[in-house]
Amino acid sequence: MPVDNPTVPLQTKFNLLQVKGTWVRQSEDDQVTKGKLSDAKIYERKSDHGVSWTVVSPIIFTYKVIQCENSLDPRNDTLLWGHLDNEDLNNSSTAKPQPVKRFVVIDETVRQLYGARVREYFDARQVVYKILPLPTTEENKSLELVTKILQEVHDFNIDRRSEPIIAIGGGVCLDVVGLAASLYRRRTPYIRVPTTLLAYVDASVGAKTGVNFAGGKNKLGSYVPPIATFLDRSFFQTLPPRQLSNGMAEILKMALMKHRGLFELLEAEGSHLLESKLQSSDAASACTRVAIETMLEELAPNLWEDDLDRLVDFGHLISPQLEMKVLPALLHGEAVNIDMCFMVYLSHLRGLLSVEEKGRVVRCMQGLHLPLWHQDCTLDLIHRSLSERLKHSGGSLRMPLPTGLGQAEIFHDIIEEDVLSRAHQMWTSELSPNLK
């Protein structure tokens, strides 16, 4: 006996229009009433089983990344008002006068160096403020720090619309404060002021926040960018040499992936950039500007990492497990560079880099005073790291590898065991201090 075909589901697309404060839906065939049209859509589908609705609601974040100088000079408006457009600033200045309030989280070490200047800045501007110093180290990067911030923010009673939280410190500080801000009243605006080179070119310009959890790096987090990041290189003057080299690893990452000119600048001027602490010079300006531009090019179209093919993951396939295993022996950028160095050898064995190119990269890393090899980066750790990568990347390695100086591709194929083993053996025999 023949079976009747089920009714084909009918789908209708509705626009959303706000009229006198009320949102109403209108099909595309309806005459559009005058009002505020949303970018969101509702698709209604009717079938024999009932009705279903699919909501498509674009989420747009707008945030600023601003290079500035002397941000703690009381005559400089950036720290207070740099996040506002001119129109918003004008509206703020014409609104009913009330005290300006700011809640500031500052890394403890940064407070020792700059705490007095931060207080002087806000005192001179007659700001009502609270400064919360915290030990924002990788070992302390936990939910406990987040809840500490949330309680203090709650007690201070900020206006979540007009009084952004300010984070002043390195990458851990910015990540932790960002997560707290994303949780407080579901999303409170915040500002990042990076004080380390690593944070300046990496953590400060994207949307990711996070803390470590269950032995894993950044296992808990969110994608909520700051309303603004203020980049001030004058903070680098108090950085120890190791922290400067640590940040150079992320700059080198972008150079190897997509900018030959930046690589050649690091190759030629790396030692001078470190000695001068990236202060006033054409090379320092070009180096940081290109690093930020190339990073934003990669992050902006994929802010929520919906696309798992990411060049910026170079140096981040092995390094998370290595960094957490030896914590606190390696800084983040140091672990990233060890990862990148191994991948350079892997690229060479796959025929993607010549012997000369491999040598130039290694010498550049040495010139930036970065570690090239680590005894705990064993072949077993590499296997475990790549297995984790497969598990969390849709069953593909999605491995960014340099295919020249300043160019790269993302490879999806499984790396043959023999190639991995030979790459590790060559890397170890050439760079292990124990075998020289």
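1. Contacts of leucine 352. In this predicted model, leucine 352 touches Ser347, Glu357, Leu401, Pro402, Thr403, Gly404 and Phe411, leaving aside residues up to four places away in sequence. Leucine 352 itself sits in the loop that runs between α11 (332-349) and α12 (355-367).

2. Six strands form an open sheet, with parallel pairing and the order β5-β12-β9-β8-β6-β7. Its edges are β5 (64-68) and β7 (128-134), each of which pairs on one side only. On average, and with direction ignored, neighbouring strands of this sheet are turned by 20 degrees against each other. As a general point, strands of a sheet pair through backbone hydrogen bonds, in either a parallel or an antiparallel manner.

3. Strand β5 pairs with β12 (residues 228-232) in the parallel sense, over 5 bridges. Within this pairing, glutamine 67 has leucine 231 of β12 as its bridge partner.

4. Helix α4 on the sheet. Helix α4 (residues 143-156) packs on the sheet and touches β6 (101-107), β7 and β8 (165-169). The direction of α4 makes about 165 degrees with that of β7.

5. Glutamate 152 and lysine 130 form a salt bridge in which the closest N and O atoms are 3.8 Å apart. Because glutamate 152 belongs to helix α4 and lysine 130 to strand β7, the pair ties together parts that are 22 residues apart in sequence. Which of these side chains is buried? Glutamate 152 is buried, since its relative accessible area is 18% and the cut-off for buried is under 20%. Lysine 130, at 31% relative accessibility, counts as partly exposed.

6. A buried pair. Lysine 217 forms a salt bridge with glutamate 323, the closest N and O atoms lying 3.4 Å apart. Lysine 217 is in strand β11 and glutamate 323 in helix α10 (residues 319-326), so this pair ties together parts that are 106 residues apart in sequence. Both lysine 217 and glutamate 323 are buried.

7. A pair within one helix. The side chains of arginine 422 and aspartate 418 meet in a salt bridge at 3.1 Å, N to O. The two residues are separated by about one helical turn, because they are 4 residues apart in helix α14 (residues 417-431). Arginine 422 is partly exposed, with a relative accessible area of 38%, and aspartate 418 likewise counts as partly exposed, at 46% relative accessibility.

8. Salt bridges overall. How many salt bridges does a search of the whole structure find? The search finds 29. A network of salt bridges links Lys208, Glu305, Arg310, Asp313 and Arg389. In general, side chains of opposite charge can pair when their charged atoms come close.

9. A nonpolar surface patch. Ile59, Tyr223 and Trp304 make a nonpolar surface patch of about 280 Å². Tyrosine 223 counts as partly exposed because its relative accessibility is 30%.

Definitions and conventions:
Residues are numbered from 1 along each chain as its sequence is written. This is a predicted model: local features need pLDDT of at least 70, side-chain atom pairs count only at pLDDT 80 or more; totals for chains, interfaces and linings use all residues. Side-chain values use heavy atoms; hydrogens and water are left out. Two strands pair if DSSP finds at least two bridges between them. Axes are lines fitted to C-alpha atoms, for helices over the stretch in contact, and angles run from 0 to 180 degrees between N-to-C directions. Contact means heavy atoms within 4.5 Å. Patches are made of residues with over 30% relative accessible area and no salt bridge: like charges are joined within 9 Å, nonpolar side chains (Val, Leu, Ile, Met, Phe, Trp, Tyr) within 5 Å. Accessible areas come from the Shrake-Rupley method with a 1.4 Å probe; for residues, only the protein chains shown count as cover. A salt bridge is a side-chain nitrogen of Lys or Arg within 4 Å of a carboxyl oxygen of Asp or Glu. Buried means under 20% relative accessible area, exposed over 50%, partly exposed in between (1.4 Å probe, protein chains only).
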